[in-house]
Amino acid sequence: MASIAEYYAGKSVMITGATGFMGKVLVEKLLRSCPEVKALYILVRPKAGQSMQQRVSDMMKCKLFDRVREDDPDFHQKIIPISSELTQPSLAISPEDVQRLTACINVVFHCAATIRFDEPLKHALQLNVMATQQLLSLAQQMHHLEAFIHISTAYANCNRKHIDEVIYPPPVEPRKLIESLEWMDESIVLDITPRLIGDRPNTYTYTKALAEYSVQQEQDRLPIGIIRPSIVGASWQEPFPGWIDNFNGPSGVFIAAGKGILRTMRANNDAVADLIPVDVVINLTLAAGWYTAVHRPKTALVYNCTTGGINPFHWGEIGTYSHIEHHVMSSFKRNPLEQAFRRPNANITSNYLINQYWILVSHKFPAFIYDLFLRLSGQKPQMMRIFNRLHKAISLLEYFSSQDWEWSSENMSMLMGQLAPDDRKTFNFDVRQLNWPEYIDNYCIGTKKYVLNEDMSDIPAARQHLRKLRNIRYTFNTLLVVFIWRVFIARSQMARNIWYFVVSLCFKFLSYFRASSTLTK
């Protein structure tokens, strides 16, 4: 049987969402580990001020492609951009391009989606459901299609505690919902959204569940596989450890904690933070494409791509938990971020009132003082605005950081068993081998190097800055204690008596110490 690299040799592959985080890693892995792949057709939309060609050119200059560049300097010739807009009828693909794609595509990887949790329902439906339906229609016209792999999310069915590798009945028939909302004004849709999404936390998980059902409806006509990753984080091993290019999900939390801005977060310390490295997801995706094409399963196979049930990492391991310095905080103290607002020190609590207290004391009060200083020095205040944005982002994560889910992973295990030993190494998605302290350390360094573009040679200066912040904190705390104590002494006879007793005790101790020293001499 052909290996994965041998299967993709000579194949034409179409990828949606190729300029996004996961899409870029998929493009890079295909080019590097399947060097004989014939062509990668990527659907790209022109962005404001940037042409389609410019966006692709910028993507290929990314550090992520350094290893591919070394092996094949002309790798960009295999990447063929196709102008497309997912919110438009027929995906806004020209008739000439439709003809081209239907004549040659062998494998489709559908990665494009909106991942914003607070996306308005109509827009989320357009991008996550209607675009998927139109892509499925296009796939049915492809004469040589061997696999259609859809990237979903492990949280599509987060209203259940135990999630099997099956497609669950949708909350509503997608086509009926789309027809119903078509004539409605945006304000009406906004009003009825909470009732529509029901026990799901946001429009993202709701529309991803509808998209899964839409994909399943075509399983008799198309060879389909569905990948359900949990919280996708930085790379574990490939193309190098810790690569990340965005503030989404845990990355933003880590950076805020490293900068000393995030000091408290509401989460269950014992709940599993189901992080999954992006290269694990991509390796599984490529293996699933191979398996779907070669074995032609009778029904669409679903792969729950998670770590919690196999090799768990807990939310409490981000900050200070049980007085032990855990992974993220200790990593940022060894390799600090530049110009931190305060020293890294995050308190993770599940108690609402305690969290509100720390928000007031450790977030809002320092932000107010700092903004006051900026105003007095003639600068524009900014910290309160930053903290408000942070609180909004953290509140969107609370649903996922305060509870646990169980995902079965039989199909993932089955697929691993189908791989030859060499493929198991080249396309490794065995999360049992994942060492969390090492991975989190690389993740934190990755946010510093690739998201914030900070130079590792500046670490000594960043450490010096942290020492300065520590000294400022000690000085402020000492002055605060002295001030409070002086207020008590001025108002309370008991406080004065205690103060005189402590001072006289210290004086007696010093007198005894002096006398002892004299006798010794």
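User: Which residues of helix 12 are buried?
Analyst: His327, Val328, Met329, Ser330, Ser331 and Phe332 are the buried residues of helix 12. Buried means under 20% relative accessible area, exposed over 50%, and partly exposed in between, with a 1.4 Å probe and protein chains only. This is a predicted model, where local features need pLDDT of at least 70 and side-chain atom pairs count only at pLDDT 80 or more, while totals for chains, interfaces and linings use all residues. Residues are numbered from 1 along each chain as its sequence is written, and side-chain values use heavy atoms, with hydrogens and water left out.

User: Why is helix 12 described as largely enclosed?
Analyst: Because 6 of the 8 residues of helix 12 (residues 327–334) are buried, it is largely enclosed by the rest of the structure. Helices here are DSSP runs of H or I with at least four residues, strands are runs of E with at least two, and both are numbered from the N terminus.

User: How many helices and strands are in the protein chain?
Analyst: The protein chain has 19 helices and 15 strands. Of its 521 residues, 50% are buried.

User: Switching to the surface. Which residues make the nonpolar patch?
Analyst: Phe365, Phe368, Ile369, Leu372, Leu376, Phe476, Leu480, Phe483, Ile484 and Val487 make a nonpolar surface patch of about 980 Å². Patch residues have over 30% relative accessible area and no salt bridge; like charges are joined within 9 Å, and nonpolar side chains (Val, Leu, Ile, Met, Phe, Trp, Tyr) within 5 Å. A salt bridge is a side-chain nitrogen of Lys or Arg within 4 Å of a carboxyl oxygen of Asp or Glu. Areas come from the Shrake-Rupley method with a 1.4 Å probe, and for residues only the protein chains shown count as cover.

User: Which helices supply at least two residues each?
Analyst: Helix 13 (352–376) and helix 18 (459–491) do.

User: And Leu480, where does that lie?
Analyst: Leu480 lies in helix 18. Leu480 is partly exposed, with a relative accessible area of 38%.

User: What are the domains?
Analyst: Domain 1 is 4–239 + 274–310 + 406–418, domain 2 is 240–273 + 311–405 + 419–454, and domain 3 is 461–520. The bounds come from an automatic or database domain assignment.

User: How many residues of domain 1 are in contact with domain 2?
Analyst: 54 residues of domain 1 contact 42 residues of domain 2, where contact means heavy atoms within 4.5 Å. The C-alpha centres of domain 1 and domain 2 are 27 Å apart.
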